[in-house]
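Student: I would like to go through this structure with you. Could we begin with charges and rings, then turn to helix packing?
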Amino acid sequence: MTTTWLKERSELGVSVVLLTLGVLVLTDALSIPTDFAQRGPVGPKAVPILVGSLLLIVAVLLARDVLRGGKGEAEGGEDVDLTEPADLRTVLLLCGAFLANAALIGLVGFPISGAILFWGAAYALGSRNLVRDPLIAAGMSVVTFLVFNNLLGVPLPGGPLMEVF
């Protein structure tokens, strides 16, 4: 009987996970030292305490709803034919583009390796325009590099193009 009762209220497991995460976040937040970085009334503990508290509140509200008979709606699913095999070619091409980016970023810099990544992803997902796609990939890569490197202050390897930007 207990097993059946728990199976009918499996959402309580999500509530337990949220409760555990909330307790962990709050415990960790309360151990943050505040003397090194606090400027003004809001210190480094504020956001983690808020997030941990909200996790606890959501966990309690979810448990209350489930115990009162609430049920999660069954997933409608996508229009996917589960009898068809996975498209391994696309997955392998995407993995190849990602691995090429990871291998080349230190050698040629982000603008070039990012362009290879973006073009490879477009090709793997079915785009076959051999003029437009590399140009868009190069533009996206340069814009991404400039935003991260110059605007956000996140240094990305520039490679041989470092002197250009």
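Tutor: A charge sits over a ring if NZ of Lys or CZ of Arg is within 6 Å of the ring centre and within 35 degrees of the ring normal. The model is predicted, so local features need pLDDT of at least 70 and side-chain atom pairs pLDDT 80 or more, while totals for chains, interfaces and linings use all residues. Residues are numbered from 1 along each chain as its sequence is written, and side-chain values use heavy atoms, without hydrogens and water.

Student: Which residue lies over the face of Tyr123?
Tutor: Arg128 does, at 3.9 Å from the ring centre.

Student: Now helices. At what angle do α5 and α6 pack?
Tutor: Helix α5 (residues 110–124) and helix α6 (residues 132–151) pack at about 135°, and their axes are 8 Å apart. Helices are DSSP runs of H or I, at least four residues, numbered from the N terminus. Axes are lines fitted to C-alpha atoms over the stretch in contact, with angles from 0 to 180 degrees between N-to-C directions.

Student: And what about α4 with α5?
Tutor: Helix α4 (residues 88–108) packs on α5 at about 175°, with the axes 8 Å apart. That makes α4 roughly antiparallel to α5, a term for angles over 145 degrees.

Student: Which residues of α4 make the contact?
Tutor: Among them are Leu93, Leu94, Phe98 and Leu104 of α4, and the α5 side includes Ile116, Leu117 and Tyr123. Contact means heavy atoms within 4.5 Å.

Student: Why is α5 called oblique to α6?
Tutor: Their angle is about 135°, and α5 and α6 are therefore oblique to each other.

Technical notes. Helix = DSSP H or I, 4+ residues; strand = E, 2+ residues; numbered from the N terminus. Parallel < 35°, antiparallel > 145°, perpendicular 65-115°, else oblique.
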